[in-house]
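Open the model in your viewer and keep the selection panel at hand. The stops below go one by one; select, look, move on.

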Protein chains: 2
Amino acid sequence: MPSRVPERPPTASAVIRQELRARIVSLAMRPGEPINEKALARRYGVSRTPVHEAVLKLAEEGLVAIFPQSGTFVGLIPYADLPETIIIRRSLEETSARLAAERGDAAGLAAIDRAMAVLAVADKDDHEAFHQADEAFHAGVARAAGHPGIWRLVQQVKVQVDRFRRLTLPQAGRLDRVVAEHGAVRDAIAARDPEAAARRMGAHLDGLLADLGGIAGLNPDYFDGPGRRDEGEQGRPFPP
Amino acid sequence: MPSRVPERPPTASAVIRQELRARIVSLAMRPGEPINEKALARRYGVSRTPVHEAVLKLAEEGLVAIFPQSGTFVGLIPYADLPETIIIRRSLEETSARLAAERGDAAGLAAIDRAMAVLAVADKDDHEAFHQADEAFHAGVARAAGHPGIWRLVQQVKVQVDRFRRLTLPQAGRLDRVVAEHGAVRDAIAARDPEAAARRMGAHLDGLLADLGGIAGLNPDYFDGPGRRDEGEQGRPFPP
DNA sequence: TTCGCAAATCTGATATATCAAACTAAGCTG
DNA sequence: CAGCTTAGTTTGATATATCAGATTTGCGAA
């Protein structure tokens with residue numbers, strides 16, 4: 001191993017990967033849309049190698065579907081898997097909230113309060129700002145629990161749900177409800193009541209499950225219908 | 001997207017990745033050991049491209065540390081991160097056990113019983129067989145819960161703990177304790193008592209946390225000392 | 001012997017080229 | 001005009017080559 005790790009600019013592959021991921025998660029690139037590695041290489045002014053590396057890693061995350069000798073496409077949203085990922089998220093974040101309340105770290109609570117303040121004054125129509133502030137709250141809870149890694153894992157797990165939610169219209173009053181539920185979690189943590197904190201976090205995230213229903217009216221081409229993706233098997237065939 | 005997804009042999013890159021992962025997790029390759037892509041390419045009779053792809057993905061999993069223009073090495077074990085991963089695992093598997101008990105799926109319970117039977121008759125000295133049967137039990141619980149994805153995630157999260165445990169001698173009587181604790185979880189699921197199932201699974205996995213203490217006497221070169229790996233930053237420098 | 005410096009070597013990142021498989025579409029057959 | 005065949009095109013996987021930076025090595029000076 002090297003004796004020191006010099007700073008170095010991010011590799012071309014890493015830059016491309018971040019940008020592609022952002023465009024896929026934000027739905028700027030639509031599920032099922034073909035990805036042309038050669039065109040991307042041209043666009044970024046690099047060879048196909050770093051583009052291919054970036055695409056491979058996105059495939060690992062389930063954001064891209066590679067069909068060898070056939071084509072690469074923006075991954076469909078695995079609708080059937082979404083409830084499971086929300087259950088996983090709830091499980092992890094209940095634990096975060098419980099541990100944060102047990103720990104009662106003052107600095108952590110302050111960070112949570114800061115995130116809540118940002119959310120309170122967020123422009124109700126600026127969905128992006130709302131989303132950012134929402135995430136900051138959850139990250140803050142994990143940090144207050146002393147386990148930021150939990151939030152990192154949650155972020156990884158919830159990516160397909162995020163894509164789904166971009167497709168659904170934000171319901172009226174959701175922002176106010178989220179603010180209220182965050183406040184309930186915060187108060188339980190501040191009161192050092194682990195079980196209440198966990199319960200309230202769980203209730204908050206159960207709201208996500210309810211949002212999953214409204215698939216009617218959405219473009220069915222965006223979804224991976226039949227179900228769960230086992231050992232790398234990718235989705236259903238494309239209808240002609 | 002293609003109209004049908006033809007079967008095809010696994011790519012060279014995938015084969016190499018699986019083999020390397022197995023050798024790293026089993027400690028056949030020691031933490032900190034250099035990885036020579038060119039030599040691997042020769043060994044497998046392929047070019048460096050698929051080897052590089054495999055190594056990149058292992059780096060993603062934290063099993064390999066890449067220092068550009070310098071070298072690639074088998075990843076050190078992030079000792080400071082292990083408690084967090086066990087907390088994550090406990091959180092997820094408590095949820096599995098709770099849901100399995102709520103669901104009360106007869107076929108799922110039968111699968112759990114099969115895994116337990118294998119464990120009961122396992123040769124007490126065949127650590128590999130014991131490990132396999134242990135994993136089958138936990139996989140069975142997740143399946144009985146109707147959420148096999150939870151177990152997939154647990155497997156991903158616990159990989160560094162698995163490496164650590166290979167370094168420690170199995171304690172006398174551990175097998176019997178594991179069998180007993182599995183039985184307790186099984187009975188709570190069979191009795192459809194979700195809270196008891198979750199509590200017992202949590203207690204079972206708390207045993208892992210206790211195992212973490214015995215680092216004394218182990219080779220410190222194998223561990224990533226200071227702490228947590230933030231945004232891809234890799235480990236401590238190597239002492240000369 | 002020890003130290004310092006520079007050339008040689010090694011590495012990962014990237015570029016370019018090749019290959020086989022799969023899709024596409026034009027052309028042939030009926 | 002419809003169905004089938006086939007040649008051309010596109011793609012991902014892999015091979016080979018190049019480059020810049022880091023380590024290592026070897027030799028000479030103190």
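Helices (H or I, at least four residues) and strands (E, at least two) are DSSP runs, numbered from the N terminus. This is a predicted model, in which local features need pLDDT of at least 70, side-chain atom pairs count only at pLDDT 80 or more, and totals for chains, interfaces and linings use all residues; side-chain values use heavy atoms, with hydrogens and water left out. Residues are numbered from 1 along each chain as its sequence is written, while chains are lettered from A and ligands numbered from 1 in the order in which they are written.

**Stop 1**

Now color by residue class.

Which part of DNA strand C faces the protein? Of its atoms within 4 Å of the protein, 69% belong to sugar or phosphate and the rest to bases.

**Stop 1: polar contacts**

Look for pairs of N or O atoms within 3.5 Å, the cut-off for a polar contact. Pick B:N36: a polar side-chain atom lies 2.9 Å from a phosphate oxygen of DNA strand C. Then A:Q69: here a backbone N or O atom lies 3.0 Å from a sugar or linking oxygen.

**Stop 2: the strands of chain A**

Stay on A:Q69. It takes a positive phi near 55° in the hairpin of β2(A) and β3(A), with 3 residues between the strands. Two strands pair if DSSP finds at least two bridges between them. β2 (residues 64-67) and β3(A) run antiparallel, joined by 4 bridges. Select A:F67 and find its bridge partner, A:G71. On β1 (residues 34-35), joined to β3 (residues 71-74) by 2 bridges, A:I35 partners A:T72.

**Stop 3: the sheet of chain B**

Switch to chain B. Its open sheet has 3 strands in the order β1-β3-β2, with antiparallel pairing. The edge strands are β1 (34-35) and β2 (64-67), each pairing on one side only. Finish on B:P34, which stands opposite B:F73 in β3(B).

Definitions and conventions
Near = heavy atom within 4 Å. Polar contact = N/O pair within 3.5 Å; in protein donor to acceptor, adjacent residues only side chain to side chain.
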